[in-house]
Amino acid sequence: MQEFFQQLVTGIATGGIFASLALALVLIYNAMGLVNFAQGEMAMLATFVAYALINRGVSYWIVFPVTLVLAFGGGILIQRIVIRPVERAPILTLVIITLGLAALLNGLAGFVFGYVPRSFPSPFPAQSADLFGVFVSYRDLGVIAVSGLVLLAVYVLLQHTKVGLTMRAAAHHPEASRLLGVHVSWMLALGWGLASAVGAVSGMMVAPILLLEPNMMQSIIIYAFAAAVLGGIESPLGAVVGGFIVGVTVNLAGAYLPFVGGDLQLAVGLAIIVAVLILKPNGLFGRARVRRV
Amino acid sequence: MSALLELENLHAGYGPTAVLHGVSLEVPEGGVVALLGANGAGKTTTLRAITGGVRWSGDIRFDGQSLRRMSTEAIVRRGIAHVPEGRGICTELTVDENLQLGSHLRRDRAEVSRDYDRVFEYFPVLKERRRLSASTLSGGEQQMLALARALLMKPRLMLLDEPSLGLAPIVVRSIFKIIQSINEASRVAVLLVEQNARIALDLSSAAYVLEVGRVAVHGDSAELQGNDSVRRSYLGY
């Protein structure tokens with residue numbers, strides 16, 4: 001029982017990381033019907049920026065918000081420079097562009113920082129806390145707290161602010177929004193900025209666990225895809241719930257299914273994607289798309 | 001007297017297909033003008049040109065200023081509320097959120113809250129359904145929501161694209177009555193596109209009839225209504 005609860009908490013913590021990246025994917029999917037394959041690499045690059053700052057002796061709790069702001073700005077820049085000129089291109093073109101962007105950012109990080117895995121500090125102590133007889137690590141609790149706060153902040157921004165309202169309107173109803181005076185193109189850029197910042201959180205949370213290197217996010221993005229698809233790719237809430245479900249499932253499968261172990265966890269993530277797409281293509285929170293003709 | 005909205009020799013179309021071949025019309029300050037014509041005559045395209053939704057040449061002036069090369073957002077912010085074909089309701093959002101989108105650019109909070117009261121007086125059903133998703137509204141209620149939202153933009157001119165479309169006659173009558181009170185109470189000018197010529201002529205003071213992208217007839221609404229040959233050849237009743 002003791003071990004089960006530890007695995008469960010670790011699973012929830014991992015789930016928070018997946019949930020953040022999955023939410024980033026959903027934000028962009030909602031804004032332009034596009035799965036951003038570069039989301040993981042954007043998060044990785046942001047984490048490298050954080051690493052460079054920490055290496056210069058800046059305190060972690062200053063680096064954290066600064067990185068979020070830089071990632072936000074970087075996301076907006078990418079939308080303005082790379083995506084906006086091809087906004088109206090066919091979806092396949094856009095997909096290829098995000099794949100190219102992923103390769104570009106990956107290469108850029110490799111060029112600047114090299115491919116040697118580096119240890120990235122965790123702001124939380126390595127000890128364990130005694131929670132009613134169950135020992136759980138402060139790191140897991142910290143990751144849960146941070147990702148929980150970030151997800152809550154995004155929720156409040158989208159649901160309870162004017163900017164959030166115009167962002168949602170611009171994403172779902174661009175033509176109608178324009179007629180209401182909403183600057184749709186800027187709202188899309190804001191969506192990219194927000195997604196990039198949320199993704200950066202997942203990067204900074206996973207780096208202490210996986211070690212920081214340019215390919216760090218390549219497995220995480222698969223789990224995030226699984227989480228987003230499971231939640232229904234259009235639903236922010238679904239992405240978050242999906243993230244936690246995938247995190248817990250993968251962790252428990254790794255711990256208790258001998259044939260999965262540590263090596264086949266990624267396969268579990270992929271299996272979730274395939275299973276959802278076959279059994280419930282709209283995910284847990286998605287709605288079937290009805291087109292009236 | 002100079003008009004609030006002036007269209008001068010307007011040509012517009014989609015890609016290589018020209019739809020409007022030189023339309024000129026005027027909407028006076030506070031007036032109601034009907035734009036009539038058969039399907040495909042160019043009524044909707046005219047409205048879309050005004051808010052920058054299609055490429056056009058000629059000139060469109062609002063309050064004496066040309067709207068050439070202005071973005072839709074900029075045009076709308078000058079005081080034109082366009083209720084498009086299909087009403088433009090954001091069905092992913094709640095009724096209340098749709099209304100908030102109408103007033104989101106305004107800074108005059110006290111007056112905004114008065115306008116909300118006024119809107120709920122016109123359309124009590126919207127107040128009851130504030131928290132529901134706009135997708136749950138009936139066609140008539142969605143049209144009411146679109147009008148309410150346009151009103152909350154505090155426009156000087158409303159462009160209404162077939163507010164009667166798909167609605168039961170009794171609902172149409174009540175909606176047109178409200179359009180009339182809105183126009184009388186707040187002096188909002190209205191350019192009304194309609195297939196239902198009879199009800200549009202009743203409401204408007206002047207009317208233009210489009211035929212394949214040109215103004216075929218225009219004049220005083222009462223006169224057009226009284227002219228049998230115009231009625232029979234262009235208005236179909």
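Rings of Phe, Tyr and Trp (its six-membered ring) pair if their centres lie within 6.5 Å; planes under 30 degrees apart count as stacked, over 60 as edge-to-face and the rest as tilted. The model is predicted: local features need pLDDT of at least 70, side-chain atom pairs count only at pLDDT 80 or more, and totals for chains, interfaces and linings use all residues. Residues are numbered from 1 along each chain as its sequence is written, chains are lettered from A and ligands numbered from 1 in the order in which they are written, and side-chain values use heavy atoms, with hydrogens and water left out.

**Exercise 1. Aromatic pairs**

Classify the ring pair of A:Trp61 and A:Phe124, and place it in its setting.

Step 1. Over all chains, the structure holds 13 aromatic pairs. In the pair of A:Trp61 and A:Phe124, the ring centres are 6.0 Å apart and the planes stand at 65°, so the pair is edge-to-face.

Step 2. The pair links distant parts of the chain, 63 residues apart: A:Trp61 belongs to helix 3 (residues 60-83) of chain A, and A:Phe124 to the loop between helix 4 (91-113) and strand 1 (128-131) of chain A. Helices (H or I, at least four residues) and strands (E, at least two) are DSSP runs, numbered from the N terminus.

Step 3. Buried means under 20% relative accessible area, exposed over 50%, partly exposed in between (1.4 Å probe, protein chains only). A:Trp61, at 46% relative accessibility, is therefore partly exposed, whereas A:Phe124, at 17%, is buried.

Step 4. A:Tyr60, A:Trp61, A:Phe64, A:Phe120 and A:Phe124 are linked into a cluster by ring pairs.

**Exercise 2. A helix in chain B**

Determine how the span of helix 6 (residues 139-152) of chain B compares with the expected value.

Step 1. The expected span is 1.5 Å times one less than the number of residues. Helix 6 of chain B has 14 residues and reaches 20 Å from first C-alpha to last, close to the 20 Å expected.

Step 2. Of its 14 residues, 13 are buried, so helix 6 of chain B is largely enclosed by the rest of the structure. Just after this helix, B:Lys154 takes a positive phi of about 50°.

**Exercise 3. A loop residue**

Locate B:Leu132 and identify its contacts beyond neighbours within four places in sequence.

Step 1. B:Leu132 lies in the loop between helix 5 (124-128) and helix 6 of chain B. With a relative accessible area of 41%, B:Leu132 is partly exposed.

Step 2. Contact means heavy atoms within 4.5 Å. Leaving those neighbours aside, B:Leu132 is in contact with B:Thr94 and B:Val95.
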